[in-house]
There are 2 protein chains.
Amino acid sequence: MYRDRLRMPALWSKVMSPEQAATLFRDGMVVGMSGFTRAGDAKEVPVALAERAATDPLKITLLTGASLGNDIDRILSDAGVIARRMPFQVDPGLRRRINNGEVMFIDQHLSETVEMLRSRQLGPIDLAVIEATAITEEGHIVPTTSVGNSASFAILAERIIIEINLNHPAALEGLHDIYIPTYRPHRDPIPVVSARSRIGMTAIPIDPAKIAAIVITQKNDSTARIDPPDDDTRAIAGHLSDLFLHEVKKGRMGLTLQPMQSGIGAIANAVLTGFVDSPFHGLTMYSEVLQDSTFELFDAGKLDFASGCSITVSGAWYDRAILGIESYKPQLILRPQEISNHPEVIRRLGVIAINTALECDIYGNVNSTHVNGTHMMNGIGGSGDFARNAHMAIFVTKSLAKGGAISSIVPMVPHVDHNEHDVDVIVTECGLADLRGLAPRERAECVIGNCAHPSYREALLDYYRAAVRRGGQTPHLLEEAFAWHVRARETGSMRLPIGGLVSTTP
Amino acid sequence: MYRDRLRMPALWSKVMSPEQAATLFRDGMVVGMSGFTRAGDAKEVPVALAERAATDPLKITLLTGASLGNDIDRILSDAGVIARRMPFQVDPGLRRRINNGEVMFIDQHLSETVEMLRSRQLGPIDLAVIEATAITEEGHIVPTTSVGNSASFAILAERIIIEINLNHPAALEGLHDIYIPTYRPHRDPIPVVSARSRIGMTAIPIDPAKIAAIVITQKNDSTARIDPPDDDTRAIAGHLSDLFLHEVKKGRMGLTLQPMQSGIGAIANAVLTGFVDSPFHGLTMYSEVLQDSTFELFDAGKLDFASGCSITVSGAWYDRAILGIESYKPQLILRPQEISNHPEVIRRLGVIAINTALECDIYGNVNSTHVNGTHMMNGIGGSGDFARNAHMAIFVTKSLAKGGAISSIVPMVPHVDHNEHDVDVIVTECGLADLRGLAPRERAECVIGNCAHPSYREALLDYYRAAVRRGGQTPHLLEEAFAWHVRARETGSMRLPIGGLVSTTP
């Protein structure tokens, strides 16, 4: 029944059970697995590996595209299999082990992992485990709902295990555009000149002799849990729409805007959904993850084309977007994350990048990753790839967290993922700070006045005014810069029971 | 006598005195001036402008390539002419006004300024003041010792003042390669595929009708003050040479290495000079400023080709490098800083980027700009353009400053210009920390063990161990993270009179 998916007869003999495939792992191996934000991950072999580890302990370095679904990261880390992990994760169980120091987590820009593998600054990859829609007549791999780092993992790996997942529609074939940059010192320009550019092959070209095992699976991707838009996210979308209209009025762009990128999560998804009822049309996306909003915008006739490296939708959209992929295919491309997130292409296309901040400081520095400056949440993901090279780098966040106990606008962020040089616009439900061309003191007044929640605004101004009395390009009171975070760590809240939040003596 | 330098006779009537040209400025104008790290700045018109301002006050927004020589930034800021300044400066007088809040300084990645001007997110440019070697038969501008942002300033400006500087050798003509990226949404790849690639024109193409004034000058560029190598910088160069030899042994590169970039200043210059006595040869540079070391390496037969956006040498090299430019010309290109620093090209070529840090923290975050986190030194310059996109991003610093009162390795940097995601290697005279593929806890042990001065090592370990007891991906004690900087601000030294530097209670 799967032979239309395994079109090279010489490989039929490689079909085996997940348990048999799991015997191919060795202690200390560097393993590259497919999977990007719950899409296109290998689903059976990792579970079999975890089961094997119960009686035959082993540890590996696990590389992926981004996060995995189907609890794979939890199952593998609970089994003690993961010694090192890169470049991204979102699993609560793995996160706990990372923050305990049990798992070494290397938090990387998503465009850089395979660049470092290719130049042998990381690796080598011993084994790749790749989910496939099919294996072609030539033994090449047709990916599924994500490309992520799968192409380079497969090309660079010593041996490859392939999971052919029959639940994915055969119509996924043709969706992908596999392009690997040529090797230095003679690298050619990457010829992507629009979101629509097709520059590569529809399958991953490998030597089929490297295929060590093929496992047939029938299991869906985990769907995304996306909160519906609320008043705050609608307000954020409204402020952004106003900004883009302002840009159009100034003649800086037309109503088709410029290619858009949006980070994962509820706020970014809601922002894009907000475009359904906007005057913008003929939009394109040059993004990383394509979420529900991509398909809503297609259906609303607002979006002309979307390029990404994975499709990650909620349960409500799964049947329509994934099983019904055929109807969206003419408007979609999935690329390797190295290309979807490549500085060269992002800068060339002039991408408008919208990503979520954990918190921002008054000068526009952004923390995307570390709770209280120390504990990893997920990872920087592609936000740095996009923000650093975008036409306009926008960060969105609600102004409050934990019922108001935490302000997302703080005097100083205790971890910097994106610094003031790379942050153009900050948006909360309270308002929008357009920081382009502003010096730090001007940025502070704009961020506090427009983005901070009114209940924290006075305290931020107190801090800022006291800092300014000491002078400097970027005034700060270093002895008080983290007072809010220290208080939050000790009491659960950034607020003082009574009185001002910070002293105002210089 | 200057008519061979002003080859379009229709423009002869535009020749005037600096004082006459200075009347073209209006209060509130946005002015783009040539000049990049003391090379190729306009020298007479800015002084005449400052003189005019004494009786006829006016304020402008001043954009340049990078820093200016001939005390122009001091003279203009003393005259109260500069209201806003971007993207870089090094002048002590201007710096004081910036830190006082009198001048708004926008500290930008050097590749981004003209990108924002072209997309009209900054600007428009009312007036450009450009130093030229010559004006061609077509009325096009031949730059001098830097290109910087001059090409885009001239192309985008409403009107242009040109200073033809007869002190610069006519042989500079032909050295420059002027290429402006095409406009979005139809931008082509930038066709630079090696340091040698010539992709543009040797002069800046403008409509000569925009030329409002031509001033003839005869004044040299300010020369660079570069400290000679000392034991520390020699040790840093030695560690780097060992690293590169290691890369060669691992088969990751050959003895020609990959194109090198080096930041300005004594340490970076000394590091490159160190290559004179190394086994490496056939080197190329794809850099920003070409300093003395570039010419030393040419003369030693080590360097095959250098691409930069300015030539800034010390007095000892001025006659040979600048006046004797003819003999180096076949091995040199000067490009717009947008191209010399372009993410697309840096990533494509796989540049090895060596830049100077003010201080680094134990996790590898780098402060390049802000003394004690608040007071601007110079600006981020091109360090972010290069570090973020390099094959290998290296930061160098001496482990101590101010006679040992300040450690350049600190628990947490109070200003982040380059975060851990972008920093591959840190080098001090004590040793080298190769951070590639390491998680933050591993980075900390490596940075403290290899790079910190022995007299601060124990205190850093105390801090780190206490932080680790609290857990986290990137352990910190937020209430103590800046204790060293606070002490330095209050006492002039990071050291405690007696006992440990930080508490060790979690």
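The following legends describe close-up views of a predicted model.

**View 1. The two assigned domains of chain A.** The domain assignment divides chain A into domain 1, residues 9–217, and domain 2, which consists of residues 351–381 + 400–506. The C-alpha centres of domain 1 and domain 2 of chain A are separated by 38 Å.

**View 2. The interface between domain 1 and domain 2 of chain A.** Here 11 residues of domain 1 of chain A are in contact with nine residues of domain 2 of chain A. Together the two domains of chain A bury about 810 Å², and carbon and sulfur atoms account for 53% of this area. Helix 4 (residues 92–100) of chain A supplies three residues, the largest share of the side of domain 1 that touches domain 2. Sorted by class, that side of domain 1 of chain A comprises five nonpolar, four polar and two charged residues.

View 3. Between domain 1 and domain 2 of chain A, seven residue pairs are in polar contact, with both residues at pLDDT 80 or more. The number of salt bridges found across this interface of domain 1 and domain 2 of chain A is zero.

**View 4. The interface of chain A and chain B.** In this view, 82 residues of chain A are in contact with 82 residues of chain B. The two chains, A and B, bury about 6600 Å² between them, with 49% of the area given by carbon and sulfur atoms. Within chain A, the residues that lose the most area to chain B are Arg347(A), His421(A) and Gln473(A), which together make up 12% of what the chain A side buries.

**View 5. Salt bridges and polar contacts between chain A and chain B.** Ten salt bridges, written 10 in the count, are found across the interface of chain A and chain B. In one salt bridge, the side chain of Glu344(A) meets that of Arg348(B), with an N to O distance of 3.0 Å. Polar contacts between chain A and chain B link 53 residue pairs, both members being at pLDDT 80 or more.

**View 6. Elements of chain A that touch chain B.** The elements giving two or more residues to this side of chain A include helix 4, helix 5 (113–118), helix 14 (383–389), helix 15 (440–451) and helix 17 (483–491), as well as strand 4 (104–105) and strand 20 (375–376). Helix 13 (343–349) of chain A also belongs to this group, and its five residues form the largest share of the side that touches chain B. By class, the side of chain A that touches chain B holds 26 nonpolar, 31 polar and 25 charged residues.

Technical notes
Residues numbered from 1 in each chain as written. Chains lettered and ligands numbered in written order. Predicted model: local features only at pLDDT ≥ 70, side-chain atom pairs only at ≥ 80, totals over all residues. Heavy atoms only, no water. Domains from an automatic or database assignment. Contact = heavy atoms within 4.5 Å. Buried area = accessible area lost by both parts, 1.4 Å probe. Salt bridge = Lys/Arg side-chain N within 4 Å of Asp/Glu carboxyl O. Polar contact = N/O pair within 3.5 Å; in protein donor to acceptor, adjacent residues only side chain to side chain. Helix = DSSP H or I, 4+ residues; strand = E, 2+ residues; numbered from the N terminus. Nonpolar A, V, L, I, M, F, W, Y, C, P; charged D, E, K, R; others polar.
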